[in-house]
Number of protein chains: 2
Amino acid sequence: MAAQTVASTTDSTTGSTVDLGPAAALSCRECGHRVPLGPVFACEECFGPLEIAYDFSAYDTEELRKRIEAGPANIWRYAPLLPVPADVATKPNINPGWTQLVKADNLARELGVDEGKLFIKDDSGNPTHSFKDRVVAQALEAARAFGFTTLSCSSTGNLAGAVGAAAARAGFRSCVFIPHDLEQGKVVMAAVYGGELVGIEGNYDDVNRFCSELIGDPAGEGWGFVNVNLRPYYAEGSKTLAYEICEQLGWQIPDQLVVPIASGSQLTKIDKGLQELIKLGLVEDKPYKIFGAQAEGCSPVSVAFKAGHDVVRPQKPNTIAKSLAIGNPADGPYVLDIARRTGGAVEDVTDEQVVDAIKVLARTEGIFAETAGGVTVGVTRKLIEDGLLDPALTTVVLNTGDGLKTLDAVAGTGLTATIRPNLDSFREAGLV
Amino acid sequence: MAAQTVASTTDSTTGSTVDLGPAAALSCRECGHRVPLGPVFACEECFGPLEIAYDFSAYDTEELRKRIEAGPANIWRYAPLLPVPADVATKPNINPGWTQLVKADNLARELGVDEGKLFIKDDSGNPTHSFKDRVVAQALEAARAFGFTTLSCSSTGNLAGAVGAAAARAGFRSCVFIPHDLEQGKVVMAAVYGGELVGIEGNYDDVNRFCSELIGDPAGEGWGFVNVNLRPYYAEGSKTLAYEICEQLGWQIPDQLVVPIASGSQLTKIDKGLQELIKLGLVEDKPYKIFGAQAEGCSPVSVAFKAGHDVVRPQKPNTIAKSLAIGNPADGPYVLDIARRTGGAVEDVTDEQVVDAIKVLARTEGIFAETAGGVTVGVTRKLIEDGLLDPALTTVVLNTGDGLKTLDAVAGTGLTATIRPNLDSFREAGLV
């Protein structure tokens with residue numbers, strides 16, 4: 001399957017004919033085997049994951065910095081570092097990114113972090129209000145380059161909206177597969193963009209199995225599954241989180257980062273992005289620690305980290321943090337490696353702690369996070385209490401989604417008082 | 001009441017002692033009577049609305065343009081034109097603005113507008129996902145300048161979230177008043193920021209009456225009601241929409257703007273912002289038309305416009321566009337004046353057309369708008385059909401809120417098919 005799709009988009013003598021900017025080839029993360037750019041994701045030699053290999057050799061550091069700083073207020077300011085053509089910003093795309101890095105002094109006080117040292121990277125500011133817009137935007141450009149006409153994915157939430165919105169903007173057909181019994185609210189959020197929304201009679205695993213089948217079948221011809229056959233491109237979108245955080249800190253790497261783990265791809269790509277900035281000379285080479293955050297109800301990486309294992313034993317997810325509920329995370333072993341190599345850790349929190357952290361973040365900083373944001377803030381608190389995260393050092397905590405999408409998590413929140421419309425009743429309620 | 005609160009924040013001999021940047025005084029929109037800056041909103045001479053009078057005399061056009069362009073990617077790039085201190089960007093604030101101006105070529109095709117001529121100003125990208133963040137951010141700075149410690153408002157939706165979030169970030173206490181029987185989802189969205197959320201036994205009018213009573217009472221001392229005693233400052237936030245639209249168009253005024261009408265304040269301040277840019281030389285002086293958009297179920301300004309009246313007869317609102325449902329809009333007469341003076345119009349659409357327009361915008365541009373966005377897009381379509389809006393000219397349509405907050409409006413949207421997890425079932429569904 002892989003070889004066949006590669007052949008259709010490349011020239012066998014000259015290599016890739018697609019223009020994806022500095023992306024030079026696909027390279028196997030395990031064995032280093034290189035293949036031309038194409039809609040493939042697994043190494044034909046060892047079945048390892050393919051990722052983008054770049055040619056950044058032509059860049060002058062200070063020219064590159066100036067070019068980035070003069071770029072648009074979205075991820076395309078980093079186009080020279082992404083698998084996209086140089087004119088990407090002129091094409092119809094939902095243009096995510098350049099979200100706020102919030103100096104969170106109120107939260108810092110609450111968690112015992114030094115003033116001015118704690119930041120929230122708030123990705124709820126993206127067009128469909130999750131970090132998924134970053135990765136889908138990359139997949140869309142790859143889909144365009146490979147001549148695909150349908151953008152597809154399996155999803156139970158954020159990804160469905162991101163794909164639907166991006167496809168609509170870019171004039172692609174979209175077809176999103178979800179379990180048929182998803183909550184009505186989530187169905188509406190995915191359906192509103194007008195693409196095909198197909199319910200599969202089965203659970204999320206059945207949906208994924210079906211999608212893999214479809215990719216290998218003639219029926220799936222012309223289909224770009226953002227997180228399957230376009231995964232190498234898609235995944236690179238997470239690098240932009242690293243780029244933005246460093247640029248927003250004045251081209252400095254933070255000492256500590258707290259990143260949620262679903263498949264683990266985001267964490268590994270943030271590390272990749274930081275390493276690229278160092279190699280390009282855009283930031284000073286200095287040590288940093290990456291911490292991974294999971295919910296206890298889906299904590300395979302956290303369990304493996306604490307047990308000292310190199311492999312991750314799959315779990316059956318049972319947590320309110322559904323956007324992180326991947327029981328068998330593909331990049332789990334890489335996450336373990338990065339957490340250990342950088343001196344970080346992987347930790348998990350209970351659903352109760354997730355809800356509490358959502359409320360703390362909203363109350364202290366006015367940021368209403370999705371459950372995934374409750375996970376990272378909750379884990380940050382735990383890491384500080386356990387002495388693993390240094391409250392005197394610069395720390396960036398990711399919020400990757402929006403509380404409006406997981407309202408159920410804080411459904412118990414309500415009125416502080418009910419009064420009659422007069423001052424006496426107001427005074428009786430003790431509000432002054 | 002007015003004179004008393006003015007006296008407490010100003011020096012009777014030298015005028016205002018508060019530093020709100022270029023804001024020089026408050027000036028009555030009706031009679032021109034000036035008073036020093038303070039937490040007052042009605043003229044003591046004629047009861048007309050007070051608005052900010054500025055001193056922009058020191059600005060050099062090209063220096064100002066450079067200063068703006070070098071500013072942050074939020075409303076504070078326009079700090080020299082707003083009632084805020086020069087160092088506003090260093091204070092804790094939720095920093096809204098610089099939202100996307102989306103070139104909406106797909107929607108243009110759908111509505112019969114020339115390619116490259118239609119733009120959506122998408123304010124769902126603000127921190128709490130509505131334009132209210134812009135106005136609340138201004139009110140917050142005024143509250144800080146006047147020494148208030150509690151930020152307050154009456155609200156049934158977007159404003160509650162914006163006030164709760166801004167107060168949390170800035171370390172203010174917040175107290176938001178809502179009708180006691182609001183839907184649970186809206187209560188959660190307002191309550192999550194942890195401020196006081198008080199349900200009033202009564203309807204929205206009762207809530208407003210109570211708030212007015214509270215402002216005049218010692219119990220309300222130290223309270224800044226963003227849209228009452230801080231209204232002159234609050235309202236200025238809408239000017240930033242005009243500034244951003246023009247700067248994002250390359251410092252040009254669009255030929256036509258379609259703006260939703262609730263109180264009418266936003267539309268009048270957009271006009272004020274455009275006039276300021278012209279006077280400052282930042283844009284070329286050219287004609288522009290401003291169109292107002294209402295829902296048929298709350299269309300007092302549209303009815304008055306069509307009848308040729310100068311005054312607005314109040315209506316009892318009955319529409320799904322609840323964020324625009326103000327039956328007795330304070331700035332209605334000014335809106336009529338601006339629509340007529342600029343050659344625009346005021347139009348309304350049915351709830352059915354609102355829902356249809358929400359879906360059209362999502363399907364064509366991947367923007368999921370609140371009902372208010374359905375109103376402006378629906379009205380744009382109607383204005384084109386009626387020959388009132390020229391499809392050959394540059395048009396900017398405002399989307400002021402986020403579809404996630406009014407999911408009920410599109411609740412009928414759902415699955416396009418349900419299949420078993422196999423290719424045969426997929427083929428039978430006719431999806432290839």
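Student: Where is A:W98 found?
Tutor: A:W98 is in the loop between α2 (61-69) and β6 (101-103) of chain A. Helices (H or I, at least four residues) and strands (E, at least two) are DSSP runs, numbered from the N terminus.

Student: What's phi like at A:W98?
Tutor: Phi of A:W98 is near 50°, a positive value in a residue other than glycine. Most residues other than glycine have a negative phi. Over in chain B, B:H129 also isn't a glycine and has a positive phi of about 70°. B:H129 lies in the loop between β7 (118-122) and α4 (132-145) of chain B.

Student: What ground rules apply here?
Tutor: This is a predicted model, so local features need pLDDT of at least 70 and side-chain atom pairs count only at pLDDT 80 or more, while totals for chains, interfaces and linings use all residues. Residues are numbered from 1 along each chain as its sequence is written, chains are lettered from A and ligands numbered from 1 in the order in which they are written, and side-chain values use heavy atoms, with hydrogens and water left out.

Student: What's the mean pLDDT of chain A?
Tutor: The mean is 94, and 96% of the residues of chain A reach 70 or more. pLDDT is the predictor's confidence in each residue, from 0 to 100. Residues 1-15 of chain A are below 50, and that stretch has 22 contacts in the model beyond near neighbours in sequence. Contact means heavy atoms within 4.5 Å. Where pLDDT is low, the predicted coordinates should not be read in detail.

Student: OK, new topic. What rotation superposes chain A on chain B?
Tutor: A rotation of 180° does it, with 0.0 Å of shift along its axis and an RMSD of 0.0 Å. That is the relation of a two-fold axis.

Student: How many residues of chain A are in contact with chain B?
Tutor: 70 residues of chain A are in contact with 70 residues of chain B. The copies meet through the same surface, because 100% of the interface residues of chain A are also interface residues in chain B. The two chains bury about 5,700 Å² between them, 63% of it on carbon and sulfur atoms. Buried area here is the accessible area (1.4 Å probe) that two parts lose on being put together, summed over both.

Student: How many salt bridges are there across the interface of chain A and chain B?
Tutor: The rule finds 4 there, and one salt bridge joins the side chains of B:D217 and A:R427 (2.6 Å, N to O). A salt bridge is a side-chain nitrogen of Lys or Arg within 4 Å of a carboxyl oxygen of Asp or Glu.

Student: Which element gives the largest share of the side of chain A that touches chain B?
Tutor: α6(A), with 6 residues.

Student: Now inside one chain. How is chain A divided into domains?
Tutor: Domain 1 is 101-129 + 238-410, and domain 2 is 132-235. The bounds come from an automatic or database domain assignment. Their C-alpha centres lie 26 Å apart in chain A, and the contact takes 19 residues from domain 1 and 13 residues from domain 2.

Student: How much area do domain 1 and domain 2 of chain A bury between them?
Tutor: About 1,300 Å², 40% of it on carbon and sulfur atoms. The rule finds 2 salt bridges across that interface. Also, A:R134 forms a salt bridge with A:E244, with the closest N and O atoms 2.9 Å apart. α9(A) supplies the largest share of the side of domain 1 that touches domain 2 of chain A, 4 residues.

Student: How many salt bridges are there over all chains?
Tutor: A search of the whole structure finds 55. In chain A, the side chains of A:R29 and A:E51 meet in a salt bridge (3.6 Å, N to O). This pair links distant parts of the chain, 22 residues apart: A:R29 is in the loop between β3 (23-28) and β4 (34-35), and A:E51 is in strand β5 (residues 50-54) of chain A.

Definitions and conventions
Least-squares fit on C-alpha atoms with pLDDT ≥ 70 in both.
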